[in-house]
Amino acid sequence: GKERAALVDESRAASADVELPAPDGLEYLPFQKAGIASALKRGNVLFGDDMGLGKTIQVIGMINARPDIKRVLIVCPATLKQNWQRELNKWLVRKFRIRIATGQSWPGGYADIVIMNFDIATKHAAKIQAELWDLVAIDEAHYLKNRESKRTLAIFGMDPYTAKRQKVEPSPGVRGRLQVGMTGTPIPNRPSEGFGLFHW
């Protein structure tokens, strides 16, 4: 009803009259503030803004706005791991231990924020699925369009429909109290390509 309509209107807003923590000398753009404010009212959200509009900054804004966010998993293409680390160091208002996972090593308890690329998700599946993260962000989420690929299953898990077809048990995948998908191409070519993300 009215509550749903209000959420839809907020998700389309170009600005928001809300105070959000930001480092000295940095300021969110009006539409980024609106995106952060809208996302904070939901448990799961998809940032579908065009490339270059600051989806990364909006996710960091969510972390800044919620002191209860202490454990974060960021999954992205390998080429974006350094960018994530740089933006986190620039925009975070609290101290976090930020570590990048590699194929050979998992930072474990030495990190508050773990940045991991898609290609090593299968290798670290047990570790990333064992924890209920405070926030999970999947950057370039359209990379996970094949819901039966190993990396998609490691991150999104296996939905009951696919599990029944393959005659195996469903699996939950990575779980977060807040789950954020990010992609500049949110509309897939076929509905099945968006199923994993939308189901997650």
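1. Strands, in this note, are DSSP runs of E at least two residues long, numbered from the N terminus. Valine 72 lies in one of them, β2. The model discussed here is predicted.

2. Valine 72 has a relative accessible area of 0%, and buried means under 20%, so this residue is buried. Beyond its neighbours within four places in sequence, valine 72 is in contact with Ile63, Asp112, Ile113, Val114, Trp133 and Leu135. Valine 72 and alanine 111 are 39 residues apart along the chain, and their C-alpha atoms are separated by 9.0 Å.

3. Ile113, one of the contacts of valine 72, deserves a separate entry. Not counting residues up to four places away in sequence, isoleucine 113 touches Val72, Ile74, Leu88, Leu92, Phe96, Arg97, Ile98 and Arg99.

4. Which residues have the most contacts inside the largest nonpolar core? They are Trp84, Leu88, Ile113, Leu135 and Val180, in a core of 28 residues. At least two residues of this core come from each of α2, β1 (44-47), α3, β2 (72-76), α4 (81-91), β4 (113-117), β5 (132-139) and β6 (175-182). Helix α3 gives the largest share, five residues. Another core lies apart from this one; it has 22 residues, including Trp106, Ala111, Ala125 and Val136.

5. Is helix α3 largely enclosed or largely open? Of its 11 residues, 10 are buried, so α3 is largely enclosed by the rest of the structure. The buried residues are Lys55, Thr56, Ile57, Gln58, Val59, Ile60, Gly61, Met62, Ile63 and Asn64. They pack against α2, β1, β2, α4, β5 and β6.

6. Two packed helices are described by the angle between their axes and the distance between the axes. For α2 (residues 30-40) and α3 (residues 55-65), the angle is about 55° and the axes are 9 Å apart. The two helices are therefore oblique to each other, and their crossing is right-handed.

7. On the α2 side of this contact are Phe31, Gln32, Gly35, Ile36, Ala39 and Leu40, which meet Ile57, Gln58, Gly61, Met62 and Ala65 of α3. By class, the contact has seven nonpolar residues, four polar ones and no charged ones.

8. One backbone angle should be noted. Glutamate 140 has a phi near 55°, a positive value in a residue other than glycine. Glutamate 140 is placed in the loop between β5 and α6 (150-156).

Notes. Residues are numbered from 1 along each chain as its sequence is written. This is a predicted model: local features need pLDDT of at least 70, side-chain atom pairs count only at pLDDT 80 or more; totals for chains, interfaces and linings use all residues. Side-chain values use heavy atoms; hydrogens and water are left out. Axes are lines fitted to C-alpha atoms, for helices over the stretch in contact, and angles run from 0 to 180 degrees between N-to-C directions. Helices (H or I, at least four residues) and strands (E, at least two) are DSSP runs, numbered from the N terminus. Angles under 35 degrees count as roughly parallel, over 145 as roughly antiparallel, 65 to 115 as roughly perpendicular and the rest as oblique. A crossing is left-handed if the near helix is turned anticlockwise from the far one by less than a right angle, and right-handed if clockwise. Contact means heavy atoms within 4.5 Å. Ala, Val, Leu, Ile, Met, Phe, Trp, Tyr, Cys and Pro count as nonpolar, Asp, Glu, Lys and Arg as charged, and the others, Gly among them, as polar. A nonpolar core is a set of buried Ala, Val, Leu, Ile, Met, Phe, Trp, Tyr and Cys residues joined through side-chain atoms within 4.5 Å. Buried means under 20% relative accessible area, exposed over 50%, partly exposed in between (1.4 Å probe, protein chains only).
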